[in-house]
Amino acid sequence: MAILEVKGVGKRFGGLHALSDVNLSVQENTVHAIIGPNGAGKSTLLNCLVGKLMPDSGSVLFQGQSVLGRKPHEINQMGISRVFQTPEIFGDLSVLENILIPVFAKRDGAFRLHPFETVQHEVAVIDKAMTMLEEVNMADKRDMHAASLSRGDKRRLEMAMCLVQEPKLLLLDEPTAGMARADTNNTIDLLKEIMDRRDITMAIIEHDMHVVFSLAERITVLAQGTPLVEDTPENIKTHPKVKEAYLGETAA
Amino acid sequence: MILGLNRRDTRFLIIVILLTLFTPFLMQPFSEGSALAQFNGGYPDLMAKVAIFGIFAMGFNILFGLTGYLSFGHAAFLGVGSYSAVWMFKLLTLNVFPALIFAVIISGLFALIIGYISLQRSGIYFSILTLAMAEMSYRLAYSVLTPITNGETGLQIRATDPRIFDSATSSGSPNLFGLELSSSFKWEVLNHVFTFNVGFYFCAFVAIIMFYLTLRIFRSPFGLILRAVKSNQTRLNYTGHNTRPYTLAAFVISGLYAGLAGGLLALMDPLAGAERMVWTASGEVVIMTILGGAGTLLGPVLGAGAIKYLEIIFAKINENVLHGWFGFLPDGLEDFIVFILSRFTGEGWHLTLGLMFMGIIIFLPGGLVQGGQRIAAKFRRKAPNDDDDSEHHPKSTSHVAE
């Protein structure tokens, strides 16, 4: 069953057609990668899914409901969480507090005035956050300032912040961009662990072929703002059109 | 667990309560007639001002310290609070409670409107919008709204006021169910004069309650989310929190504190003028908060205390006092030193404040609280941590602790 359906989405920036007639559907409990060379429109597409950009045409349905025109927090409340290209975390807060905030969002909704409750008394919330931290092996760092974490740990923390909400769809925007090979492999392992443990639907925007072929069950290749092919990783590897689009870029 | 606080916070609250209750002693350390007696600050007017501006700064800190939204217009709510309180004195009764309640309600509504408009933008644009709103309020109070504000003269109590709940015999100053706020008890002991004033203790009592509420807000999920607004608004939005109502709630809460402070100012001196809303008054609360330590619990109160105390003390040091101090020097040198120092004292107090503010910003960006923490750290280097209740609780990071 398709959890996310993108139908005929187009987006122009002045004279530039960033996206034109994009059709895409992400099936439940699969890892779907969207790849493509620089400027193919991957990030634009993602921004249309999360409420940052409004496409000029087409529709985006999440579980049959349109996400277009909704604000980022509303889309999150529908069950879509997002990991950023550079980890977006709350640097001034402790690691545990970073996880508490998404748990509160899940429990209390987009806004709740609770000025006279006490964080320390929210035992269920804290337990849930601690379980999550244990799952990503960060329980010992719970009191650390998030800003002082290593880059890899920041990524791990951000992932945990998304996962603790048990999203129906997790969007990852180039989760390994700018990472060293070792960090990239760690991230792949982390994602694989998560996939083994949970029934999760992920859409990954990625440039790194190694990451894509390690994780994805389904791949859409985007070129010049329009989907070229959609297939399994095995077929994509050998697809002539894909090779052409990447113009000699090797599948590293 | 007392009052929903953990052991550490309870201890902290008790210390603050004791400090507040013993202010008449603490601010009167020098005996009468001694050369240092002029540095005593233990008179009711000053002590009450410290409590009142402490409340003002505490509220401002909920907005600025937690969310990072820098408002340059909070004096508007102070002014609105004062006007509202004086109107209650005029129309209903000289009892303090209707005045304070009305001050809080009206300033809250005012903050809701100004906050809703200003929070359409963030960063510097938000600051400019609040500044513009406050200046508009100030100008309106001087011109169009004269029937309500009594323009330049200021709003004051008159014998001809209706005061429908007061009997004809009631006196002409604000009271607490008959107990006049201006009444004091003086205690002379060991060459010291300690003044216990009803008004001060009332303000102190309100300040302690507000401090307790602030502490609760800081430790609540709401407070946590406000700190997240300051840290990373993008992440907060993509985590499913709608930042707009959170920031608006913080804005209104800080407006309520400011209105309450304005109401208390009117209790101590039942006269409300538009100058209370002028932009320098808004700037003063910013300085108090930063000087003490933005985002900390005690910082804003310390900042308010330091500024109000020094303001009064420096105002007293005029050229004659300086000549007295440096009389032992040769004439030419004496005149020169007095000339230099007098630029920084008396009327020149703001010059000293400016230098002090610069020094704090450069050397102690965390304010007086950070200074205190550094000194404390020097004293108990390597002393065992006493976190007796940290088994399964998030530990607060340093800038939200005391």
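**Entry 1: helix α4 of chain B**

I began with α4(B) and found it mostly covered, with 15 of its 17 residues buried. I note here that I am working from a predicted model. I then checked the length of this helix, which runs over residues 75-91 of chain B. At 1.5 Å a residue, its 17 residues should span 24 Å, and I read 24 Å between the end C-alpha atoms, so the two values agree.

**Entry 2: domains of chain B**

I looked up the domain assignment of chain B, which gives domain 1 as 7-29 + 41-295 and domain 2 as 317-383. I recorded 28 Å between the C-alpha centres of domain 1 and domain 2 of chain B. I next asked how many residues of the two domains of chain B are in contact. I found six residues of domain 1 in contact with seven residues of domain 2.

**Entry 3: contact between chains B and A**

I turned to the two chains and noted that 31 residues of chain B are in contact with 36 residues of chain A. I listed the elements that give two or more residues to the chain B side: α8 (198-219), α9 (221-231), α10 (233-238) and α11 (243-268) of chain B. Which element gives the most to this side? I found that it is α9(B), with eight residues. By class, I divided the residues of chain B that touch chain A into eleven nonpolar, 14 polar and six charged.

Methods: Residues are numbered from 1 along each chain as its sequence is written. Chains are lettered from A and ligands numbered from 1 in the order in which they are written. This is a predicted model: local features need pLDDT of at least 70, side-chain atom pairs count only at pLDDT 80 or more; totals for chains, interfaces and linings use all residues. Domain bounds come from an automatic or database domain assignment. Helices (H or I, at least four residues) and strands (E, at least two) are DSSP runs, numbered from the N terminus. The expected span of a helix is 1.5 Å times one less than its number of residues. A residue is buried if 20 or more other C-beta atoms lie within 10 Å of its own, exposed if 12 or fewer, and partly exposed in between; C-beta atoms are placed from the backbone. Ala, Val, Leu, Ile, Met, Phe, Trp, Tyr, Cys and Pro count as nonpolar, Asp, Glu, Lys and Arg as charged, and the others, Gly among them, as polar.
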